[in-house]
Amino acid sequence: MDIPDARPRWSRRRVVALCSVVAVLAAVITAVAWAVREPVCDDQEGLVLVDDQCIGVADPTRAFDFDRPALRDVMERIRKQNEIAARDPEHVSIAVLLTLTPPGAHAIEPVEQVEHQLKGAVRAQAFYNVDDSPKVVLLPANAGEGFTHWEPAVGELLRRRGAPDRLVAVTGFGQSLAPAQAALEVLSENQVPLVASTMTSDALREVDGLLRPAPSNSRQAGVAALKAKEILDADAARAVPGPGGGKPGVVMITDKNEDDGYSVNLAAEFREQVGALGIEVLKTMSYDSRLKDIRVTFRGDQANICYASTRVFYFAGRGTHLSALVEALGDKPCEKGRELVILTGDDSPSDEQAAEDKFRAGLAGGIRIVQTDLSPPDLREGYAVLAGKGDGDRMSPKAIEDFTGDELPDYALDEAARRDDGTVLSYDAVLTALALVTKAVDPDQRKPLDHREVLKVIYTLSDANAVPGASGRLSYTSEGDAEDKVVPLVERTASGVVLVDVR
C-alpha cells in the first residue's frame with residue numbers, strides 16, 4: 001500500500017534563497033557584535049591580554065593607562081613628549097618596563113610608586129629633548145603583576161629594536177624579583193643596554209650590560225650595621241638591659257620567600273656586615289610572604305619580640321610586610337617605656353599603609369623605624385648634610401634643582417613625587433640612559449643610532465664621565481654599581497619621614 005510522503009517539498013531555488021538570507025543575517029549579527037564589542041587593550045598591536053592584564057609595549061602616541069586611572073595624567077605627559085620627539089626622523093626610544101596593571105591584594109608595589117616612577121622618567125626625557133638629539137621617545141611597557149608575564153613584554157621590546165622605534169635601552173624593573181631578573185638576563189643576552197631604577201640586589205652584578213643607580217644592598221646593609229652598633233654602644237653605656245637578659249646584639253626578621261632577591265640578599269649582606277663589626281645575631285625570626293595573611297605570624301611572634309634581650313631588630317623584607325609587623329605590635333605593645341628600634345632597607349611602607357590607624361598606634365607605642373633609603377626625602381636637605389661634613393661633591397646642586405625646580409612646568413613634580421625615592425631613581429635611570437645615547441652618537445656617522453652602539457659605551461660612565469644624578473653622583477663600576485653612592489638614613493614617624501643622616 002503506497003503511503004504519501006508528508007515531508008514538505010523544497011525546490012533548489014528556495015533552498016538557495018533561504019541560505020542567502022541566513023548568510024546575510026549572520027553577517028549583520030557579526031557586524032553589530034564587532035561594533036559594540038569592548039576593545040581589548042585599546043586594540044594596540046604591541047599589547048596582548050594575559051590574565052586580564054594588558055601585557056607588552058604601549059603605543060607611544062596614545063595615553064593608555066593600563067586600566068589604572070591614577071596613571072592617566074602621567075601617560076598623557078608621556079604622549080605629549082613623544083609627539084615632540086617623533087618629529088625627529090632619527091629619534092630613538094627608551095623603554096620603562098614596570099608592573100603597570102592593577103595589583104592584587106598582596107602586591108608589593110602600590111600604584112603611587114608606579115606613577116611616581118613614570119613621572120620621574122618623563123621629566124628626564126623632557127629635559128633632554130629640549131636641546132639634545134637624537135630626540136627620545138619613551139615606551140611604557142608592562143610585565144604584569146610581579147613581573148610574571150615578562151616574556152611577551154620582552155619579546156615585544158626586542159621587536160622594537162628596529163625602525164621605526166629604534167629601541168636603544170630599557171629602564172625600570174623596580175623590584176628585585178626572580179621574574180624581573182629573568183627578564184634582565186634575556187634582554188642582556190640580546191645586547192640591549194639596561195638601567196634599573198630601584199633594584200638593589202647584589203646578585204644583579206652578574207647581568208652584563210646592566211647599570212644600577214640605586215645604592216646596592218651591600219652598601220645599605222653596611223650603613224645599617226654601623227647604625228645598629230651606635231645604638232647598642234649607647235645602650236651599653238647606659239646599661240639598658242632587655243627582658244630576656246643575655247648578651248646584647250641584634251635580632252633579624254627575614255622572609256622565607258627565596259624568589260624575592262631583594263629580601264634574601266639584604267638579609268645575607270646585613271648578617272655579614274654586622275658580624276664584621278663584632279655584633280652577634282642573637283636570633284633569626286622568619287615569616288613567609290607567599291602566605292595570604294602574615295599578620296597571623298607577626299601576632300604569634302609579638303611576645304618573643306618583646307622578650308628579646310635587645311631592642312635592636314633588622315627587618316630584611318618588603319615595606320608592605322613591615323607595615324603588617326608594626327600593626328601587629330601596635331595591637332599589643334611591649335611593656336610601657338620599652339622602645340624597639342627596627343632597622344630596615346629602602347623598601348618602605350607606602351604613604352597609604354603608614355596612614356593606617358594600627359600602624360600609627362604601633363609607632364606611638366614605642367616602635368622606631370630607621371631605614372636606609374635610595375635618596376633623601378628632601379634632596380636639598382640631604383645635600384646640606386653632606387656639605388656640612390665637607391662631602392658636598394657627592395651630590396650636585398644643579399641636578400637637584402633640575403629635578404625639583406619649576407622649569408618645564410608641564411612636567412613638574414608635586415611634593416609627594418619629589419619626596420619619593422622611586423621618582424628620583426627613575427629620573428636618574430633615564431638620565432643615565434640618555435647619557436649613554438649622548439656618548440654613543442658619532443657625528444661622522446650618517447646612519448641612525450642603534451642599541452649595539454649604545455652598548456659599546458655602557459661602562460664608560462665613571463670618574464670624569466660620571467652622571468650628576470639627582471640622588472647623587474653616579475660613577476658606575478665595571479659590575480654596574482654606583483660607586484660610593486649616597487645612602488640616607490631616615491626615620492618614619494607618625495607625622496612622616498624625617499632625615500636622620502646621609503652617609
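At what angle do helix α3 (residues 111-131) and α15 pack, and how far apart are their axes? The angle is about 35°, and the axes lie 7 Å apart. This is a predicted model, in which local features need pLDDT of at least 70 and side-chain atom pairs count only at pLDDT 80 or more, while totals for chains, interfaces and linings use all residues. Residues are numbered from 1 along each chain as its sequence is written, and side-chain values use heavy atoms, with hydrogens and water left out.

**View 1. The chain as a whole has 16 helices and 16 strands.** Helices (H or I, at least four residues) and strands (E, at least two) are DSSP runs, numbered from the N terminus. The chain has 503 residues, and 55% of them count as buried. Buried means under 20% relative accessible area, exposed over 50%, and partly exposed in between, with a 1.4 Å probe and protein chains only. Take the contacts with a separation of 6 or more: 73% of them join residues 24 or more positions apart. Contact means heavy atoms within 4.5 Å.

**View 2. Helix α3 packs on α15.** Axes are lines fitted to C-alpha atoms, for helices over the stretch in contact, and angles run from 0 to 180 degrees between N-to-C directions. The crossing of α3 and α15 is right-handed. That term applies if the near helix is turned clockwise from the far one by less than a right angle; anticlockwise is left-handed. On the α3 side, the residues include His 116, Gly 120, Ala 124 and Phe 127. Their counterparts in α15 include Thr 423, Tyr 427, Leu 431 and Leu 434. The contact of α3 with α15 divides into nine nonpolar, eight polar and one charged residue. Ala, Val, Leu, Ile, Met, Phe, Trp, Tyr, Cys and Pro count as nonpolar, Asp, Glu, Lys and Arg as charged, and the others, Gly among them, as polar.

**View 3. Helix α13 (residues 397-404) crosses helix α15 (residues 421-440).** Their axes come within 12 Å and cross at roughly 110°. The two helices are therefore roughly perpendicular to each other. Angles of 65 to 115 degrees count as roughly perpendicular, under 35 as roughly parallel, over 145 as roughly antiparallel and the rest as oblique. Ala 399, Asp 402 and Phe 403 in α13 meet Thr 423, Val 424 and Tyr 427 in α15. Four of the residues in this contact are nonpolar, one is polar and one is charged.

**View 4. Cys 41 and Cys 54 form a disulfide.** Their sulfur atoms are 2.2 Å apart; a disulfide is a pair of cysteine sulfur atoms within 2.5 Å. The link is left-handed, with -100° about the S-S bond. Cys 41 sits in the loop between α1 (12-36) and β1 (47-50), and Cys 54 in strand β2 (residues 53-57), 13 residues apart. Cys 41 is buried at 5% relative accessible area, and Cys 54 is buried at 4%.

**View 5. A disulfide joins Cys 306 to Cys 334.** The S to S distance is 1.9 Å. The torsion about the S-S bond is about -85°, so this disulfide is left-handed. Cys 306 lies in helix α8 (residues 295-307), Cys 334 in the loop between α9 (319-331) and β11 (340-344), 28 residues apart. Both cysteines are buried. The structure holds two disulfides.

**View 6. Helix α4 (residues 150-159) has buried residues.** They are Trp 150, Ala 153, Val 154, Glu 156, Leu 157 and Leu 158. Their cover includes β2, β3 (92-98), β4 (136-142), β5 (167-172) and α5 (178-189).
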